[in-house]
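Please open the model in the viewer and keep the selection panel at hand.

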Amino acid sequence: LFFIAVFYIYPIADNLKLIGKGSDQDDCTKGIIDYLLQGINPYHFLSYNGNNCSQGPGTIMIFFPFVYINQFILANVFYTLLLIGTLFKFNYDVVKFTLIFSSGVIIWEILSVGSDLYAAGILLAISVIILREACIQKNSKLLILSIFLICIFSTTRINLIFVPFAVSMMMYFYWKK
């Protein structure tokens, strides 16, 4: 289902922009990065619907390599594989996680339209898994990695700025030092 959503449905949804329909979330992500590469203020980009783009600096960091090589479609594949690798590394039940994760209809919708929120959500899941392991193991390197990922995630949209504070509560309760 994942590969059908990414490699079959996404191109169909993406081509809806040719007739002025569909989602412009991927259009905004690609556009602001293209503007940045051209030396133009990325937030002057308007989507094909004429909408202002709301993606933040974290989105630029997450998608820059994929837009640069003109393979935006591979970003969600890469971040999904990164999540699966993280689950395996820390001995989580990958099958159970996948069933729960994929049971939400919104996951399939944002994956099919190429939303940047899919990769951002994946990064949040990875950062929380790593943070949990850092607290359990009292591992400073994992803690720094988790904080780095949380900072990227929390700057994908302005309304996510509360995330570092919420996650700090988890750290406080499990690793006060």
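Begin with helix 4, which contributes 6 residues to the lining of the largest pocket, the most of any element. The model is a predicted one. The volume of the pocket is about 290 Å³.

Next, select Phe2, Thr80, Ile84, Thr98 and Tyr118, which lie nearest the centre of the largest pocket among its 17 lining residues. By residue class, the lining comprises 14 nonpolar and 3 polar residues, with no charged ones.

To display its lining, select Val6, Tyr10, Phe72, Ile73, Asn76, Leu111 and Gly114. Helix 1 (2–15) and helix 4 (73–89) are the elements that each give two or more residues to this lining. Its residues divide into 5 nonpolar and 2 polar, and none is charged.

The last stop is Thr156, in the loop that runs between helix 8 (140–154) and helix 9 (163–174). Is Thr156 buried or exposed? Thr156 counts as buried because its relative accessibility is 0%, and the cut-off for buried is under 20%. Display the side chain of Thr156: one of its polar atoms lies 2.8 Å from the backbone oxygen of Phe153. Finally, select the residues that Thr156 touches, leaving aside those up to four places away in sequence: Ser54, Gln55, Gly56, Gly58, Thr59, Ile62 and Ala120.

How values were computed. Residues are numbered from 1 along each chain as its sequence is written. This is a predicted model: local features need pLDDT of at least 70, side-chain atom pairs count only at pLDDT 80 or more; totals for chains, interfaces and linings use all residues. Side-chain values use heavy atoms; hydrogens and water are left out. On a 1 Å grid over the protein atoms alone, a cavity is a set of points where a 1.4 Å probe fits but cannot get out, and a pocket is an open set with protein on both sides within 12 Å along at least five of seven lines; lining residues have an atom within 4 Å of a point. Helices (H or I, at least four residues) and strands (E, at least two) are DSSP runs, numbered from the N terminus. Ala, Val, Leu, Ile, Met, Phe, Trp, Tyr, Cys and Pro count as nonpolar, Asp, Glu, Lys and Arg as charged, and the others, Gly among them, as polar. Buried means under 20% relative accessible area, exposed over 50%, partly exposed in between (1.4 Å probe, protein chains only). A polar contact is a pair of N or O atoms within 3.5 Å; within protein, one must be able to donate a hydrogen and the other to accept it, and residues adjacent in sequence count only if both atoms are side-chain atoms. Contact means heavy atoms within 4.5 Å. Grid points are joined across faces, edges and corners, and a volume is the space filled by probe spheres set on the points.
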